[in-house]
Amino acid sequence: MLEPVSSRHTVEKIGGTSIANTAAVLKNVFLREHSDADPYNRIFVVSAYAGMTDKLLEHKKTGAAGVFAQYAGAESDWAWGDALTALGDDMIAKNAEVLDDPASRRLADGFVRDRIEGVRTCLLDLQRLCTHGHFRLDRHLETVREMLAGLGEAHSAFNTTLLLKDHGLSAVFIDLTGWRDDSNPGLDERIAGALDDIDFARELPIVTGYAHCADGMVRRFDRGYTEVTFSRLAVVTGAHEAVIHKEFHLSSADPKMVGADKVRTIGQTNYDVADQLSNMGMEAVHPNAAKGLRQAGIPLRVRNTFDPADPGTMFYGDYVSDTPRVEIVTGLKDVHLLEFFEQEMVGVKGYDTGILDALKRHNVRIITKSSNANTITHYLGGSKKAVKRVIADLSETFPTAEISTRTVAIVSAIGSDMAVPGLEAKALTALAGAGIEVLGLQRLSRKVDMMFVLEEGHFEDAIAVLHDALVGSGANGAAERKAA
């Protein structure tokens, strides 16, 4: 295990949208032109450029097929190869956009061609091998997905290293993707080995967000693997702080819904709040990444790339707001309400397990759930097709049950300490006054969140109403932002 080499260093992650804005990231994050801070004693983890992982795997929102999805579908022997060629062209175009120095561009273009053609050869060999009856392609697709995912992060990390060298920094490319490496270590071992000889005080490691390891990063964490790599880097190297650079401030609500003049920037909160935000799709940090940081006692700072002077939002393991209050109002649309009614359920075990098995089988995410004597209701994220498959499975397993579904919205009030007397009544009164009917309300004893189930058409209005009542002018002197 790599021993902590400095109590002063940070581990910092730059997301795909930010890293694609080269000028802003170079000026505000790497060179720190707004201050005289030392550019070293930092480890950077970079995501693939915005859109690249969609082209490598499949589009995160629309599901449109990327190289992997076309290869796995095998509808055409050539479609995936054409997609891979187009991806290489896009990567080389990005090199020209990011790098001004001709010598650096030649190095970057050569790097892309080597990786693209290496992947092409590997996939062709696998395709040929699987024409024999003893080998099946579906048994190797997880490995293919892992290999393709790492291509995007390797590209952006290599380019970033060249860019920083061109601007006088001693940057070092740290490739965790396992490219042409026949070893298969655990994640922590992979990280420790790659950074063993790096002097953080004089060198700036630029690390790929994907790390090849025995357990499989994409298989375990899907598209959240970059933040898990970032988290383990902080833990393994003993960082004093983890930092994520995003394209926005973490605010009390979406400024587009509530108004930029009405939202408050969050100064401090805790990892409980981070988890609730993730559940609502407003991910400050992946839950698995937050878990590692919390257990190691490492605070997380989320900063706005385009406002470098702002200290950002701090997440701590033990922080509780000095005054109980709501900190953030957010939510989700396109939530599937799945209601399972069975008159014979009372006192009988097994229904919950059967439902959970079906949801897991079809990879449907549970946002929250509720139950009474004869009804179990799940609020789900996922495609309509997947939910229909769940219903079909459940109807076969429980033929006498009544199963129905509809699409709703969930709006959630979140805070590190929401033990405010009369908070539910205040929220319900505000919604009723705006003519918004509440289909369901859920609040647990930890008092870190409160969920309202609504008709989808009321989603944005409900966020504005609840923000005003619980955070803004109607919150009776809600506390101002505390400096981090």
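Tutor: β9 and β11 run antiparallel and are joined by six bridges. Strands here are DSSP runs of E with at least two residues, helices are runs of H or I with at least four, and both are numbered from the N terminus. Two strands count as paired if DSSP finds at least two bridges between them. Within this pairing, leucine 337 stands opposite tyrosine 379 of β11.

This is a predicted model, in which local features need pLDDT of at least 70, side-chain atom pairs count only at pLDDT 80 or more, and totals for chains, interfaces and linings use all residues. Residues are numbered from 1 along each chain as its sequence is written, and side-chain values use heavy atoms, with hydrogens and water left out.

Now the other neighbour. β11 covers residues 375-381 and pairs with β10 over six bridges, again in the antiparallel sense. A hairpin of three residues joins β10 to β11. Two bridge positions can be named. Isoleucine 366 has leucine 380 in β11 as its bridge partner. Lysine 369 stands opposite histidine 378 in β11.

Step back to the sheet. It is open, with six strands in the order β10-β11-β9-β12-β14-β13 and antiparallel pairing. Its edge strands are β10 (365-371) and β13 (438-443), each pairing on one side only. From one strand to the next, the twist averages 30 degrees. Helix α14 (residues 351-361) packs on the sheet and touches β9 (328-341), β10 and β11. Contact means heavy atoms within 4.5 Å. The direction of α14 makes about 20 degrees with that of β11. Such axes are lines fitted to C-alpha atoms, for helices over the stretch in contact; angles run from 0 to 180 degrees between N-to-C directions.

How many of the seven residues of β11 are buried? Seven of seven, and the strand is mostly covered. Buried means under 20% relative accessible area, exposed over 50%, and partly exposed in between, with a 1.4 Å probe and protein chains only. Both faces are covered. One side carries Thr375, Thr377, Tyr379 and Gly381. The other carries Ile376, His378 and Leu380.

For context, take the whole chain. Buried residues make up 52% of its 484 residues. The chain holds 17 helices and 14 strands. Among contacts with a separation of 6 or more, 75% are between residues 24 or more positions apart. Along its principal axes, the C-alpha trace spans about 65 × 65 × 40 Å.
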